Amino acid sequence: MATTILNHALIDHKLTIMREKDTKTIVFKDNLDEIAMLMAYEVTKELPLVDKEIVTPICPMIGKELKKQIILVPILRAGIGLVDGFRRIIPTAKIGHIGMARNEDTLIPEEYYAKFPSGLEDSIVIIVDPMLATGGSASAAITNIKARGAKDIRLVCLVGAPEGVKMIEEDHPDVELILATLDEKLNEHGYIVPGLGDAGDRLFGTD
Ligand code: PRP
Ligand code: URA
């Protein structure tokens, strides 16, 4: 399935504020909320619909409603930062959580927490994480969510590296990948260049 890079003017403007090293935690989070709403709008544009019979004040009509339940899955921790914005746009979404932590030496991710609503197999699962670096965390999260029954999965990340895109395309060709932007490369520590640093630390004020 294709990878989409949004390259949206307003998202790029807000992302530049987030990237700046002196941007404070609160401003970082505010801009992430706003970007999440814009990304939610973009990624839901072509969701499947079913007909719904309603009556307007003027006459009966066949309207539309979403065909499938949406389950939003943030990859802990940093993925939590995208949840509020997505929920503003998709208030009926249920939320699952998966905790993946990269071992900073090996860069290999490990699952340390998972909790999902029922119905993964019939839902549209939107996994969110601000950063797609090596791709290891997202790829392992997708593998683990597929093992729990999910079939229709999209991965939404803010900043991607070419290495991460390649891993997702190779490991999960059935998963639609949506990025706000594609950066240049990874550095020797597995950080995205130019990137925005450690998204979890900047979001939660840890270091
Ligand atoms: C960050 C980020 C992604 C992962 C990306 O999480 O939020 O989940 O790294 O890197 P990868 O593509 O090379 O796997 P991290 O492991 O730092 O955990 P955190 O969100 O708790 O800070
Ligand atoms: N995780 C982050 O938070 N930032 C990066 O640049 C890479 C992985």
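Student: At which residues does UniProt place the feature "binding site"?

Tutor: An unreviewed UniProt entry places one such feature at R77, R102, D129, P130, M131, L132, A133, T134, G135, G136, S137 and D198. Keep in mind that the model is predicted.

Student: Which residues does the domain annotation cover?

Tutor: The unreviewed UniProt entry has "domain: Phosphoribosyltransferase" over residues 6-206. In the model, that span is 32% helix and 32% strand. The C-alpha atoms at its ends lie 29 Å apart.

Student: Let me take G135. Is G135 buried or exposed?

Tutor: Count C-beta atoms within 10 Å; 20 or more others make a residue buried. G135 has 27, so G135 is buried. G135 sits in the loop between β8 (124-132) and α4 (136-147).

Student: Which residues is G135 in contact with, leaving aside neighbours within four places in sequence?

Tutor: E163, G164, M167 and I168.

Student: Where is D198, and is D198 buried or partly exposed?

Tutor: D198 is in the loop between β12 (192-193) and α6 (199-204). Its count is 15 other C-beta atoms within 10 Å, so D198 is partly exposed.

Student: And I192: in which strand does I192 lie?

Tutor: I192 lies in strand β12. I192 has 24 other C-beta atoms within 10 Å, so I192 is buried. Not counting residues up to four places away in sequence, I192 touches M131, A133, V159, A161, D183 and L186.

Student: Now the backbone. Which residues does a cis peptide bond join at R77?

Tutor: Read omega for this. The cis bond joins L76 and R77, with omega about -5 degrees. R77 is in the loop between β4 (70-76) and α3 (83-89).

Student: What is omega for the cis peptide bond between V193 and P194?

Tutor: Omega is about 0 degrees there. P194 lies in the loop between β12 and α6. D198 is placed in the loop between β12 and α6 as well.

Student: What is phi of N7?

Tutor: Near 45 degrees. That is a positive value in a residue other than glycine. N7 is in the loop between β1 (3-5) and α1. With 11 other C-beta atoms within 10 Å, N7 is exposed.

Student: How are two packed helices described?

Tutor: By the angle between their axes and the distance between the axes. Now apply that to helix α1 (residues 9-19) and helix α2 (residues 25-43). Their axes come within 9 Å and cross at roughly 160 degrees. Angles over 145 count as roughly antiparallel. So α1 and α2 are roughly antiparallel to each other. Their crossing is left-handed.

Student: Which residues make the contact between α1 and α2?

Tutor: From α1, the residues are L10, I11, K14, L15, I17 and M18. From α2, they are V27, F28, N31, L32, E34, I35 and L38. By class, the contact has ten nonpolar, one polar and two charged residues.

Student: How far apart are the C-alpha atoms of G160 and A180?

Tutor: G160 and A180 are 20 residues apart along the chain, and their C-alpha atoms are separated by 8.0 Å. G160 is in strand β9 (residues 152-160). G160 has 25 other C-beta atoms within 10 Å, so G160 is buried. Leaving aside neighbours within four places in sequence, G160 is in contact with L132, V165, L179, L182 and D183.

Student: How far is T143 from D171, in sequence and in space?

Tutor: They are 28 residues apart in sequence and 8.8 Å apart in space, C-alpha to C-alpha. T143 belongs to helix α4.

Notes. Residues are numbered from 1 along each chain as its sequence is written. Chains are lettered from A and ligands numbered from 1 in the order in which they are written. This is a predicted model: local features need pLDDT of at least 70, side-chain atom pairs count only at pLDDT 80 or more; totals for chains, interfaces and linings use all residues. Axes are lines fitted to C-alpha atoms, for helices over the stretch in contact, and angles run from 0 to 180 degrees between N-to-C directions. Helices (H or I, at least four residues) and strands (E, at least two) are DSSP runs, numbered from the N terminus. Angles under 35 degrees count as roughly parallel, over 145 as roughly antiparallel, 65 to 115 as roughly perpendicular and the rest as oblique. A crossing is left-handed if the near helix is turned anticlockwise from the far one by less than a right angle, and right-handed if clockwise. Two residues are in contact if their C-beta atoms, placed from the backbone, lie within 7 Å. Ala, Val, Leu, Ile, Met, Phe, Trp, Tyr, Cys and Pro count as nonpolar, Asp, Glu, Lys and Arg as charged, and the others, Gly among them, as polar. UniProt positions are given in the numbering used here, feature names are shortened, and annotations may be inferred rather than shown by experiment. A residue is buried if 20 or more other C-beta atoms lie within 10 Å of its own, exposed if 12 or fewer, and partly exposed in between; C-beta atoms are placed from the backbone.
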